[in-house]
Amino acid sequence: MNKVSVVYYSSTGFTQAMAEALVEGIKSAGVEPSVYKISEVNVDDVFASDVIAMGSSACGAETIEETYFVPFMEENAEKFNGKKVYIFGSYGWGGGEYADNWKAQVEGFGAKVVAMPVLVNDGASDEELEQLKAIGKSLVTA
């Protein structure tokens with residue numbers, strides 16, 4: 001079984017609800033994940049995990065959160081090499097293009113994205129939350 005960390009940023013609560021669904025799925029597979037808001041992240045614990053799930057709402061011009069998440073990514077770029085990563089998030093405008101750039105960034109750092117990102121416009125539907133629970137469960141054995 002994999003050790004899983006979930007790191008997220010949520011400005012409206014939409015991405016937090018997604019993170020909670022993911023955590024529920026992980027727990028249903030018998031694993032207690034480490035869960036952090038990006039502003040409170042424990043870098044050593046996160047990178048000691050086998051799988052890192054990261055969620056961010058789109059900010060500014062379709063980017064991940066810039067105060068904490070961007071520095072977290074840039075300062076720890078080499079630590080992503082060889083890691084299994086899952087990304088998810090929400091957006092309120094645009095089409096969620098920020099996730100394509102984010103995925104390319106983590107892959108450029110040498111990480112392996114283990115499942116297609118779930119991206120939602122505003123809040124997740126019940127179906128999308130169920131999808132996140134299923135992905136959370138699969139991260140335990142990814």
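Biologist: Which residue has its side chain joined to the side chain of Ser90 by a polar contact?

Modeller: This is a predicted model, in which local features need pLDDT of at least 70, side-chain atom pairs count only at pLDDT 80 or more, and totals for chains, interfaces and linings use all residues. Residues are numbered from 1 along each chain as its sequence is written, and side-chain values use heavy atoms, leaving out hydrogens and water. A polar contact is a pair of N or O atoms within 3.5 Å; within protein, one must be able to donate a hydrogen and the other to accept it, and residues adjacent in sequence count only if both atoms are side-chain atoms. At 2.7 Å, the partner of the Ser90 side chain is that of Thr15.

Biologist: Is Ser90 buried or exposed?

Modeller: Ser90 sits in strand β4 (residues 84–91); helices (H or I, at least four residues) and strands (E, at least two) are DSSP runs numbered from the N terminus. Buried means under 20% relative accessible area, exposed over 50%, and partly exposed in between, with a 1.4 Å probe and protein chains only. Because its relative accessible area is 3%, Ser90 is buried.

Biologist: How many residues of strand β3 are buried?

Modeller: Val51, Ala53 and Gly55 point one way from β3, while Ile52, Met54 and Ser56 point the other way, and all are buried. For β3 (residues 51–56), that makes the buried count 6 of 6.

Biologist: Which residue in β4 stands opposite Ile52?

Modeller: Two strands pair if DSSP finds at least two bridges between them. Strand β3 runs parallel to β1 (residues 4–9), with 6 bridges, and parallel to β4, with 5 bridges. On the β4 side, Ile52 stands opposite Val85.

Biologist: How far does helix α1 reach from its first C-alpha to its last?

Modeller: The expected span of a helix is 1.5 Å times one less than its number of residues. Helix α1 (residues 14–28) has 15 residues, with 21 Å expected. Close to that, its actual reach is 22 Å.

Biologist: Which strands and helix are included in what covers the buried residues of α1?

Modeller: An α-helix has 3.6 residues a turn, so residues three or four places apart point the same way. In α1, the buried residues include Thr15, Met18, Leu22 and Ile26. Their cover includes β1, β2 (34–37), β3, β4, β6 (118–121) and α5 (126–139).

Biologist: What is the radius of gyration of the protein?

Modeller: The protein has 5 helices and 6 strands, in the order β-α-β-α-β-α-β-α-β-β-α. Taken over C-alpha atoms, the radius of gyration is compared with the globule rule, 2.2 Å times the number of residues to the power 0.38. That rule gives 14 Å for 142 residues, so the protein is as compact as a globular protein of that length, with a radius of gyration of 13 Å.

Biologist: How far apart in space are Val114 and Lys3, C-alpha to C-alpha?

Modeller: Val114 is in the loop between β5 (112–113) and β6, and its 27% relative accessibility makes it partly exposed. With contact meaning heavy atoms within 4.5 Å, Val114 touches residues including Lys84, Val85 and Tyr86. Val114 and Lys3 are 111 residues apart in sequence, and in space their separation is 14 Å.
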